[in-house]
Amino acid sequence: VCMCVCARARVKSVLFVRYVRYGSLRGNILGMEAVLPDGTILDNLSTLRKDNTGYDVKQLLIGSEGTLGIITKLAILTPRLATSTNVALLGLKSFEDVLLVLGRVRSSLVDILSAVEFLDRASMKLSLTYLDSVQKPLPQEWPFYMLVETSGSNAQHDREKLDAFLFAAMEEGSVADGVLAQDEKQKQNLWRLREGVAESLSKHGYTYKYDVSVPCKEMYTLVESMRERLDADATFEPGNKDLTNVVGYGHLGDGNLHLNVTTREFDPDVFSQIEPYIFERVSSMKGSISAEHGVGRAKAEYLHMSKSENTVQLMRAMKQLLDPNGVMNPYKMFPAD
């Protein structure tokens with residue numbers, strides 16, 4: 001158990017890429033100290049793994065974006081560092097193949113799987129164009145890529161399981177090509193290609209960023225529908241910043257899609273075509289308009305697209321009870337009356 005002091009913004013984040021193995025940061029928080037709007041210091045700094053006595057008050061404050069109090073201390077459960085890790089990058093012909101391989105990964109590598117990521121061809125091109133010191137992972141371009149990471153304690157056992165999975169996937173044709181990192185430098189290169197997409201987008205042009213959660217089978221239909229709506233091409237041309245680009249990448253293990261749109265500079269016409277359309281589509285899929293980064297001001301008027309009316313009313317009641325004067329982070333999360 002790790003005791004630490006942490007800012008509110010850190011609390012509402014999750015364990016991102018390794019959610020499939022370790023769950024969310026929210027789920028790994030054991031206790032909390034916070035200052036409430038009236039100045040009361042809430043002492044809930046327990047380190048117990050199990051405690052079924054009444055309301056779980058810390059979960060009320062987690063994700064509240066500073067509207068109910070200021071978190072000053074946290075007790076966080078930290079997993080042991082794995083002694084054996086493997087990273088593979090796979091090339092695939094379609095998103096249908098991505099979903100098929102996802103199912104295979106979950107069943108074949110269930111005991112050692114720690115991350116399952118995907119990125120489309122445009123995302124890979126962005127990383128290869130704008131990131132320094134990265135190496136092209138495969139000789140041929142593919143419409144989709146998957147990054148699979150395993151973590152365990154027995155290097156031989158883990159490698160044999162991953163090798164068997166890769167052989168079977170390539171034998172059946174669901175994986176068209178792939179590479180397995182042979183050392184730490186190669187592992188870092190493969191991860192850099194995936195994690196550097198956001199940085200690459202910022203170097204290419206103005207980026208409209210969306211972080212949503214939808215069922216895995218629906219993830220790329222959202223990207224395709226946005227491309228069609230904006231009349232954007234599926235291919236990415238590094239030398240042409242005047243084109244509107246729509247790219248998709250994210251965390252397959254938990255259905256978290258990062259859908260990003262780029263233009264040379266901010267274009268109000270493009271923005272008006274993206275919002276509220278993207279939130280309406282996500283809502284129709286029973287998804288979340290914000291998988292990782294909260295609501296804030298930007299998404300407050302769309303909160304009802306992820307939360308039912310009576311849920312929002314209950315949230316407002318909690319806010320009124322704890323902060324009747326509205327001194328804690330006003331104007332955040334809730335739509336204007």
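These are my notebook entries on a predicted model.

**Entry 1**

**Entry 2: around Val261**

I left aside its neighbours within four places in sequence. Val261 is then in contact with Tyr206, Thr207 and Tyr208, among others. Its contacts also include Met226, Leu230, Thr244, Asn245 and Val246. Val270 and Ile274 are on the list as well.

I turned to charged pairs. The model has 13 salt bridges by the rule used. In one of them, the side chains of Arg227 and Asp120 meet at 3.2 Å, N to O. What does this pair tie together? Arg227 lies in helix H9 and Asp120 in strand S6, residues 113-120, so the bridge links parts that are 107 residues apart in sequence. Are the two partners buried or exposed? I found Arg227 buried, and Asp120 too.

**Entry 4**

Next I followed Glu199. Glu199 forms a salt bridge with Arg192, with the closest N and O atoms 3.0 Å apart. Glu199 also meets Lys203 in a salt bridge, at 3.0 Å, N to O. Lys203 and Glu199 are 4 residues apart in helix H8, residues 197-204, so about one helical turn separates them. These shared partners join Arg192, Glu199 and Lys203 into one network.

I then checked accessibility. Glu199 has 30% relative accessibility, so I wrote it down as partly exposed. Arg192 counts as partly exposed at 31%. Lys203 is partly exposed too, with a relative accessible area of 35%.

**Entry 3: H7 against H8**

I looked at how helix H8 packs. Helix H7, residues 184-195, packs with H8 at an angle of about 50 degrees. Their axes are 5 Å apart. That angle makes H7 oblique to H8. On the H7 side I found Arg192, Leu193, Arg194 and Glu195. They meet Val197, Ala198 and Glu199 in H8. By class, this contact has 3 nonpolar, no polar and 4 charged residues.

**Entry 4: H5 against H8**

Helix H5, residues 121-130, also comes up against H8. The two axes come within 8 Å and cross at roughly 75 degrees. H5 and H8 are therefore roughly perpendicular to each other. H5 brings Ser123, Leu126, Ser127 and Tyr130 to the contact. H8 brings Val197, Ser200, Leu201, Lys203 and His204. I sorted these residues into 4 nonpolar, 4 polar and 1 charged.

**Entry 5: Gln59**

Last, I looked up Gln59. Gln59 sits in helix H3, residues 57-61. At 23% relative accessibility, Gln59 counts as partly exposed, because buried means under 20%. How far is its C-alpha atom from that of Ile29? The two C-alpha atoms are separated by 8.7 Å, while the residues are 30 apart along the chain.

Key: Residues are numbered from 1 along each chain as its sequence is written. This is a predicted model: local features need pLDDT of at least 70, side-chain atom pairs count only at pLDDT 80 or more; totals for chains, interfaces and linings use all residues. Side-chain values use heavy atoms; hydrogens and water are left out. Contact means heavy atoms within 4.5 Å. Helices (H or I, at least four residues) and strands (E, at least two) are DSSP runs, numbered from the N terminus. Buried means under 20% relative accessible area, exposed over 50%, partly exposed in between (1.4 Å probe, protein chains only). Axes are lines fitted to C-alpha atoms, for helices over the stretch in contact, and angles run from 0 to 180 degrees between N-to-C directions. Angles under 35 degrees count as roughly parallel, over 145 as roughly antiparallel, 65 to 115 as roughly perpendicular and the rest as oblique. Ala, Val, Leu, Ile, Met, Phe, Trp, Tyr, Cys and Pro count as nonpolar, Asp, Glu, Lys and Arg as charged, and the others, Gly among them, as polar.
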